[in-house]
Amino acid sequence: MMDPGLSRTQAAARLLAGGPFHTMEIARQVLGLTGAPGAAAAAVFALLGSDPRFSVDAEGVWTMEPGVQVGPPLDSLRYAVVDVETTGGSMARGHRITEVGVVIIEQGAIVDSFESLVNPRRRIPSFVSRLTGISDSMVADAPDFGEVAEPLAQCLAGSVFVAHNAPFDWGFVHGELTAATGEELVMDRLCTVRLARRLVPELRRRNLDSLS
């Protein structure tokens, strides 16, 4: 029988990672179904049939597609949901972070957070101030990024980096932390814009307001 901590799809993936299994064996081990072969087979096809990771042959034997990696259950992971405000553009053009906020999620609950304004040591363009609500006067007495680098890195440690349009936020956080500490930041990353494209493709706009 499956591990109660896994979803049925996760349990099927764990089972098939070890090799091919017949439909009825999957029904028994994953779904706990031992009778009514037609209903058991229908349940397995309903579970796996639309998932591109799984395929079944004419004999009812299921396999995992080559190269599929079975990771830990998603609800067992620690997530760092990150948002940054910047002076605009990119770090390659000399732009810097003006604010960074992180919320740590474990098992659906907020367990930690970090937030700070940051003095970018350069002027904030007026159009960026209008967009972000952060002005030069607000960051004049804020810490330099080097002063927040250590507590920020500690907050992020051991987490999956999550952001809406993650390449932008990751580029700044990774760049600033690497410059401040001399150590490469290594984290798995999840972009909720890309996730939205896959999960709610019917939406024409995928900004946070539309998704909410």
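Reply: Phe172 is buried, at a relative accessible area of 3%. Buried means under 20% relative accessible area, exposed means over 50%, and partly exposed is in between (1.4 Å probe, protein chains only). Phe168 is partly exposed, with 33%.

This is a predicted model: local features need pLDDT of at least 70, side-chain atom pairs count only at pLDDT 80 or more, and totals for chains, interfaces and linings use all residues. Residues are numbered from 1 along each chain as its sequence is written, and side-chain values use heavy atoms, with hydrogens and water left out.

Now the rings. A pair of aromatic rings is described by the distance of the centres and the angle of the planes. Rings of Phe, Tyr and Trp (its six-membered ring) pair if their centres lie within 6.5 Å; planes under 30 degrees apart are stacked, over 60 edge-to-face, and the rest tilted. That rule gives three aromatic pairs. One of them joins Phe161 to Trp170, edge-to-face, with 5.2 Å centre to centre and 80° between the planes. Phe161 and Trp170 are both buried. Another pair is Phe168 with Phe172: tilted, 5.2 Å centre to centre, 55° between the planes. Phe168 and Phe172 are about one helical turn apart, because they lie four residues apart in helix H7 (residues 166-181). Helices (H or I, at least four residues) and strands (E, at least two) are DSSP runs, numbered from the N terminus.

The charged end of Arg189 sits over its ring, 4.3 Å from the centre. The test is NZ of Lys or CZ of Arg within 6 Å of the ring centre and within 35 degrees of the ring normal.

Next, Val173. Leaving out residues up to four places away in sequence, Val173 touches Val82, Val84, Ile97, Leu156, Phe161 and Leu185. Contact means heavy atoms within 4.5 Å.

Now the core. A nonpolar core is a set of buried Ala, Val, Leu, Ile, Met, Phe, Trp, Tyr and Cys residues joined through side-chain atoms within 4.5 Å. The largest one has 26 residues, and Val102, Leu156 and Val173 touch the most other members. At least two residues of this core come from each of strand S4 (78-86), strand S5 (97-106), helix H6 (145-156), strand S7 (160-163) and H7. H6 gives the largest share, six residues. Another core lies apart from it, with 15 residues, among them Ala13, Leu16, Leu48 and Phe54.

Then the strands. Two strands pair if DSSP finds at least two bridges between them. S4 and S5 run antiparallel, joined by nine bridges. Val82 has Val102 in S5 as its bridge partner. S5 also pairs with S6 in the antiparallel sense, over eight bridges. Here Ile104 is bridged to Asp112 in S6. S5 and S6 form a hairpin with two residues between them, and Gln107 in the turn has a positive phi of about 50°.

Finally, Ser116. Its place is in strand S6 (residues 109-117). Ser116 is buried, with a relative accessible area of 14%. Neighbours within four places in sequence aside, Ser116 is in contact with Thr98, Glu99, Val100, Pro143 and Val148.
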